[in-house]
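Here is a short briefing on a protein and DNA model. Take a look at the structure, then read the points below.

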There are 2 protein chains.
Amino acid sequence: MGTTKTEHFTDRQNSIATLAKALGHPARIAIIDYLLTVDSCICGDIVNQLPLAQPTVSQHLKELKNAGLIKGNIEGTAICYCIDEASIANVHDFFTNISNQLKIKNKSCC
Amino acid sequence: MGTTKTEHFTDRQNSIATLAKALGHPARIAIIDYLLTVDSCICGDIVNQLPLAQPTVSQHLKELKNAGLIKGNIEGTAICYCIDEASIANVHDFFTNISNQLKIKNKSCC
DNA sequence: TTTATATATTGCAATATTACGATAAATAAT
DNA sequence: ATTATTTATCGTAATATTGCAATATATAAA
């Protein structure tokens, strides 16, 4: 036990859950926030923006990357990270659909 | 260690992360999916829709409720759960903002 | 080649999550 | 009052996550 039973859910459910899970930590939201504020992608100073040690930040970046939310390129000795628009669009669509379905639904709920 | 350092992040970052985290499990995505398909709110059969035992489902429902994504009313011996539109709107707005900012941003990234 | 800089990985301790059997609580039906 | 039904809670085992010090790796600069 302790393991999520992914086999029993649809690919779509699993993939949305994976994206949501990756965003389920304030440090990772802060990273996304930061990536949106910088024009250039050389993001070596994310560590300085966060109240966490470098290995911890590196780990959070890795999780965002594994989930497909950000991509990274080696840029000399620094690394350029940036948001993967497609994955954001994916999650955005998910919530847009829910919002639309809720508008259609019977309002006499709870 | 092992605990998230919430104190060091903004309220907005923490609250988005909380909502995202609650959606970070396929069973909870499946619950949201199901709540969208039923017209009536009497949702006692969520357990039958999921490949999980009743206590596990109850726990997932509790987490969605704690995060504010669903609300529940006692309806006789059954319980009526439904989606909280405001919280969905919250998360939806978050991704809409990101999408908009990405459109504005320099495309020459990574 | 040596040194500095930037990032990743390893290893580990503390805590959280996932899942479920057993059981409780609370109402409905008989 | 007793029994069935529905949902919640407790306890617990297995696993995952969070965070960091120490260390490795890899390129840039001297």
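A polar contact is a pair of N or O atoms within 3.5 Å; within protein, one must be able to donate a hydrogen and the other to accept it, and residues adjacent in sequence count only if both atoms are side-chain atoms. This is a predicted model, in which local features need pLDDT of at least 70, side-chain atom pairs count only at pLDDT 80 or more, and totals for chains, interfaces and linings use all residues. Residues are numbered from 1 along each chain as its sequence is written, chains are lettered from A and ligands numbered from 1 in the order in which they are written, and side-chain values use heavy atoms, with hydrogens and water left out.

**Around DNA strand D**

- A residue is near a strand if one of its heavy atoms lies within 4 Å of it.
- There are 29 residues around DNA strand D, and H60(A), G2(B), K5(B), Q54(B) and Y81(B) come nearest.
- Of the atoms of DNA strand D that come within 4 Å of the protein, 65% belong to sugar and phosphate.
- E63(A) places a polar side-chain atom 3.3 Å from a phosphate oxygen of DNA strand D.
- A53(A) uses a polar backbone atom, 3.0 Å from a phosphate oxygen of DNA strand D.
- Q59(A) reaches a base instead: a polar side-chain atom lies 3.4 Å from a base nitrogen of DNA strand D.
- Helices (H or I, at least four residues) and strands (E, at least two) are DSSP runs, numbered from the N terminus.
- Helix 4 of chain A gives the largest share of the surface near DNA strand D, with five residues.
- By class, that surface has nine nonpolar, 15 polar and five charged residues.
- In these classes, Ala, Val, Leu, Ile, Met, Phe, Trp, Tyr, Cys and Pro are nonpolar, Asp, Glu, Lys and Arg are charged, and the others, Gly among them, are polar.

**A closer look at H60(A)**

- H60(A) is part of helix 4 of chain A.
- H60(A) counts as buried because its relative accessibility is 8%.
- Buried means under 20% relative accessible area, exposed over 50%, and partly exposed in between (1.4 Å probe, protein chains only).
- Leaving out residues up to four places away in sequence, H60(A) touches H25(A), A27(A), R28(A), I31(A) and L52(A).
- Such a contact means heavy atoms within 4.5 Å.

**Where chain B meets chain A**

- Chain B and chain A each put 49 residues into the contact.
- The area buried between the two chains is about 4,400 Å², and carbon and sulfur atoms give 72% of it.
- In chain B, L36(B), F95(B) and C110(B) lose the most area to chain A, together 15% of what that side buries.
- Buried area is the accessible area (1.4 Å probe) that two parts lose on being put together, summed over both.
- Between chain B and chain A, 11 residue pairs are in polar contact (both at pLDDT 80 or more).
- Helix 5 of chain B gives the most to the side of chain B that touches chain A, with 11 residues.
- That side of chain B has 29 nonpolar, 11 polar and nine charged residues.

**Salt bridges**

- Side chains of opposite charge can pair when their charged atoms come close.
- A salt bridge is a side-chain nitrogen of Lys or Arg within 4 Å of a carboxyl oxygen of Asp or Glu.
- The whole structure holds four salt bridges over all chains.
- Two salt bridges cross the interface of chain B and chain A.
- R12(A) and D33(B) meet at 3.0 Å, N to O.
- This pair crosses between chains, from helix 1 (residues 11-22) of chain A to helix 2 of chain B.
- R12(A) is partly exposed at 41% relative accessible area, whereas D33(B) is buried at 15%.
- R12(B) and D33(A) also meet at 3.0 Å, N to O.
- R12(B) lies in helix 1 of chain B and D33(A) in helix 2 of chain A, so the pair joins two chains.
- R12(B) is partly exposed at 41% relative accessibility, and D33(A) is buried at 16%.
- R28(A) and E63(A) form a salt bridge at 3.2 Å, N to O.
- R28(A) in helix 2 (residues 26-37) and E63(A) in helix 4 of chain A are 35 residues apart, so this pair links distant parts of the chain.
- R28(A) is buried at 7% relative accessible area, while E63(A) is partly exposed at 34%.
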